[in-house]
Amino acid sequence: MQQDQQDDGGPKTRPPGRRRLILLGGGLAVALAAGGGVAAYRTGVFSGVGEPVAFGKTQETAAATVDMPRGVRMPTGPRAAFVRTARLPDGTQIAKTTLTGPKSGFTGDVWVWVPKEYDEPRYAKSAFPVLISLPGGRGYPTNYWGTGPGLGLQQAVADGAKAGKSLPFILVMPVINADTKHHFDGSDIPGQPKMGTWMADDVPAFTKANFRTFTSRDGWAFMGSSSGGFGAFKDVLKYPDRFKAVIASGVDIVPDSPLWKGNRRAMDRNNPEKLAAELIKAGGPDVYVNFQIGTKESGRDLAERFMREYGKGPVHTRLQVIQDGEHNGKSYVRGMREGSLEWISKVMLAPTPDPDVP
């Protein structure tokens, strides 16, 4: 069998028939390994872990008394109960909650990070774009993008926003699988937990309940790696009326979970190639797909073939090649810094500051 490369350098045997990303799932361990335990504590990464967190509550209470700009959706409620899991040097926080999806019936954890701009008074009447961020590997019971800042995703968005190269995205980071034994292809596999409904319906509804978001699909996008990249990639093509763009890293192109058990009809409804062909035939709406592939991993030929065959009409594609990049989150964040974040930011809606508020 082939092997996946972990962040800590150790190999992990892949399940047959699929390239799966098995990253170091513990955000604490990543942070400690990346920056050193003492340094992490000095910067306050672990301060207040487990304490309640509220996002934008003061600003939204004040803004609720005035007319909101068109296209801005205020939090619809009910509010989730968040607890802090990490704090970045700029004071922003990663927080976690447990969500029971009203449509899927699945219960799992969701991590959220909001940029510092979200809590600034000048943005109190503005919506923010959402980047639903999906992990590879088991993707349960944790999401390695959210369990800590060690992989650098949150910092990449913060740095990009400061430099004017990225929008200040809200990052929403749910689990993607229903257990530690199976991969569900981010889909509603017949007879299995409805992980497709969880990600495409329940997670966005949860986000709308808790945050100021855009009413337009132009404020909604996905990113993901490996198996999570497949789910992200597939959902943008399956629901182009809801989501506009995706950064798909080290991604599979077709569904191949053994749980499908040969159910070709159901698989086709979750096959990016089939979905892209249907979207091209329908003439839109336009979607934007950014593949990321490292030079030290396989899969570039598959991404380039998809781009040749389906990157036309309303399906806009781009490839970010990561020099010396491997099949892991750190490489993919580097690719985002090197171009993918700037690319996706150009096709998404940006928050608008109030000119009358300093």
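Two strands pair if DSSP finds at least two bridges between them, strands being DSSP runs (E, at least two residues) and helices likewise (H or I, at least four residues), numbered from the N terminus. This briefing covers a predicted model, in which local features need pLDDT of at least 70, side-chain atom pairs count only at pLDDT 80 or more, and totals for chains, interfaces and linings use all residues. Residues are numbered from 1 along each chain as its sequence is written, and side-chain values use heavy atoms, without hydrogens or water.

**The sheet**

- In β6, K96 is the bridge partner of V83.
- Strands β5 (residues 82-87) and β6 (residues 93-100) run antiparallel and are joined by four bridges.
- Ten strands, in the order β3-β5-β6-β7-β9-β8-β11-β12-β13-β14, form an open sheet with mixed pairing.
- Because β3 (52-53) and β14 (315-322) each have a single partner strand, one side of each edge strand is left without a neighbour in the sheet.

**The helix pair α4 and α10**

- Helix α4 (residues 153-163) packs with helix α10 (residues 329-345) at an angle of about 25 degrees, the axes lying 9 Å apart; axes are lines fitted to C-alpha atoms, for helices over the stretch in contact, and angles run from 0 to 180 degrees between N-to-C directions.
- The two helices α4 and α10 are therefore roughly parallel (angles under 35 degrees).
- L153, Q155, A156, V157 and D159 of α4 meet V333, M336, R337 and L341 of α10, where contact means heavy atoms within 4.5 Å.

Definitions and conventions. Parallel < 35°, antiparallel > 145°, perpendicular 65-115°, else oblique.
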